[in-house]
Amino acid sequence: MTSKLMAVLKKFTVPTFVAASWYKHDVMELMRETLSRGGTANLSDAFTINGQPGDLYPCSKETTYRLMVDYGKTYLLRIVNAAQNQDFFFMIAEHNVTVVGGDASYFKPLATPYIMITPGQTMDVLVTADQPLGEYYIVATPYFDGGADDYDHSTATAIFEYRGNYTHPSTPSFPYHIPAYNDTVVASLFTSQIRSLASPEHPVDVPLDVTTRMYLVVTMNLLPCPNDSCAGPDGYRIAAGLNNKTFENPGVDILRAYYWYIFCSYIEFFFCICTSLYELAFANGLSFSFSCIRNMSGFYDPNFPDQPLHYFNFTSDDLLSNNVTISDPGTRVKVLNYNDTVEIVFQGTNVMNSAENHPIHLHGYKFYVVGRGQGIFNNETDPKNYNLYDPPELNTIPIPKDGWATIRFKASNPGVWFMHCHFDRHMSWGMETAFIVKSGGTPETSMKGPPAYMPPCDLESFLGSKDSMLLKRG
Ligand SMILES: [Cu+2]
């Protein structure tokens with residue numbers, strides 16, 4: 001089966017379907033406004049497939065994307081969800097697809113009438129043009145399992161069009177079995193059926209001896225706002241977090257700060273510090289202070305917690321009090337040793353009645369998803385059901401609404417790696433952290449240096465050019 005599958009995959013160029021969000025206004029301006037007000041995010045005005053909203057919108061019928069196909073042939077399609085805040089059911093009317101890969105990993109072939117794909121995920125599917133000659137809609141339609149009715153209800157379409165002599169319909173066939181927009185059962189069923197090939201050619205390498213265990217509680221949160229003037233509940237600022245820690249973007253990116261910390265020569269490093277302090281003092285008329293050294297070298301804290309400070313009934317409908325909603329902002333990272341074997345249990349919550357699935361994405365790695373389930377993770381019984389035989393190897397995994405998911409990976413890629421919810425609004429509100437994976441002691445196991453075009457170790461790059469006190473002084 002495996003070699004046949006590979007032969008099929010190699011035969012085709014890959015038509016790609018990128019589902020995305022579309023806004024009438026400048027999306028960056030909308031985001032800036034949302035963050036300054038502290039309230040909810042704007043909804044998109046449309047979804048698109050390959051840049052076109054499709055026939056269900058009154059603006060793009062002439063330019064709706066069409067995939068021309070020949071009867072009897074099998075096509076490999078690559079589906080990408082690049083939407084900002086929206087999961088999709090993706091389907092082709094009257095055609096099943098066979099999912100064979102995702103996130104650049106092979107899967108056991110899975111025949112299905114629909115896929116559920118979250119922001120950040122990619123999936124590779126085979127589809128055979130075996131229906132009567134005609135035109136069939138391809139749809140990307142929202143899957144939304146949140147409590148509030150605050151999602152873009154529209155559906156993007158493309159067309160799967162057979163070549164040949166036939167009378168083209170005035171309207172292509174539409175999928176008649178689209179799951180309900182909030183059907184958590186079918187969405188979860190699809191995700192839970194994905195398996196690695198686990199073949200001799202493509203074996204799995206699941207870490208079995210875990211050295212680092214983390215239990216991360218995924219929450220929506222609130223932060224106090226001066227004079228209760230924000231647009232969130234009761235004048236608070238809407239935030240989000242992992243283990244009640246809301247990630248704050250540092251003034252200098254963590255990778256650069258970390259690299260300078262370990263690689264800059266001492267002379268160069270102290271030259272930077274001294275120059276910075278001199279210039280700062282000059283700019284502000286301040287006296288030299290050793291506390292500046294600590295602040296300037298402290299762009300992040302290596303104290304991201306492995307577990308929440310407080311355990312509570314994470315999926316309760318009564319999680320509205322400040323002791324569970326208010327989070328603790330900061331730039332905290334988790335430091336791993338080279339080749340640590342890491343297990344993370346992500347626990348979904350219903351804090352502020354905001355339970356929904358969260359597509360968690362890790363940079364720099366693929367991980368094995370060894371378990372998923374509903375409710376609160378039980379650390380005695382649930383691990384007994386882990387799939388260590390053929391778990392999917394992914395880089396993005398939807399954490400089920402009011403449920404949990406467990407991933408494992410080996411920290412064999414040294415560097416600084418972001419991990420975040422792939423709903424942009426949640427990421428903007430702080431639902432993320434970063435891993436610093438230390439080098440392994442040899443050139444082959446060490447983080448590479450910055451590219452030649454990186455700015456040198458000077459004051460502006462140290463402080464961040466826009467926030468540089470020097471520029472303000474000028
Ligand atoms: Cu999220």
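I located F190 in helix α3, which spans residues 184-192; helices (H or I, at least four residues) and strands (E, at least two) are DSSP runs, numbered from the N terminus. I noted that this is a predicted model, in which local features need pLDDT of at least 70, side-chain atom pairs count only at pLDDT 80 or more, and totals for chains, interfaces and linings use all residues. Residues are numbered from 1 along each chain as its sequence is written.

**Entry on F190.** Is F190 buried or exposed? I recorded F190 as buried, because 21 other C-beta atoms lie within 10 Å. The cut-offs are 20 or more such atoms for buried, 12 or fewer for exposed, and partly exposed in between, with C-beta atoms placed from the backbone. I then looked up its contacts (C-beta atoms, placed from the backbone, within 7 Å). Leaving aside neighbours within four places in sequence, F190 is in contact with T112, I115 and M116. The C-alpha atoms of F190 and Y114 are 8.3 Å apart, although 76 residues separate the two along the chain.

**Entry on the sheet.** I traced an open, mixed sheet of five strands in the order β3-β11-β10-β5-β8; strands pair if DSSP finds at least two bridges between them. Its edge strands, β3 (66-69) and β8 (115-117), each pair on one side only. Strand β3 runs parallel to β11 (residues 156-162), and four bridges join them. I found Y162 in β11 as the bridge partner of V69.

**Entry on the chain.** I counted ten helices and 24 strands. Of the 474 residues, 39% are buried.

Terms used:
Two residues are in contact if their C-beta atoms, placed from the backbone, lie within 7 Å.
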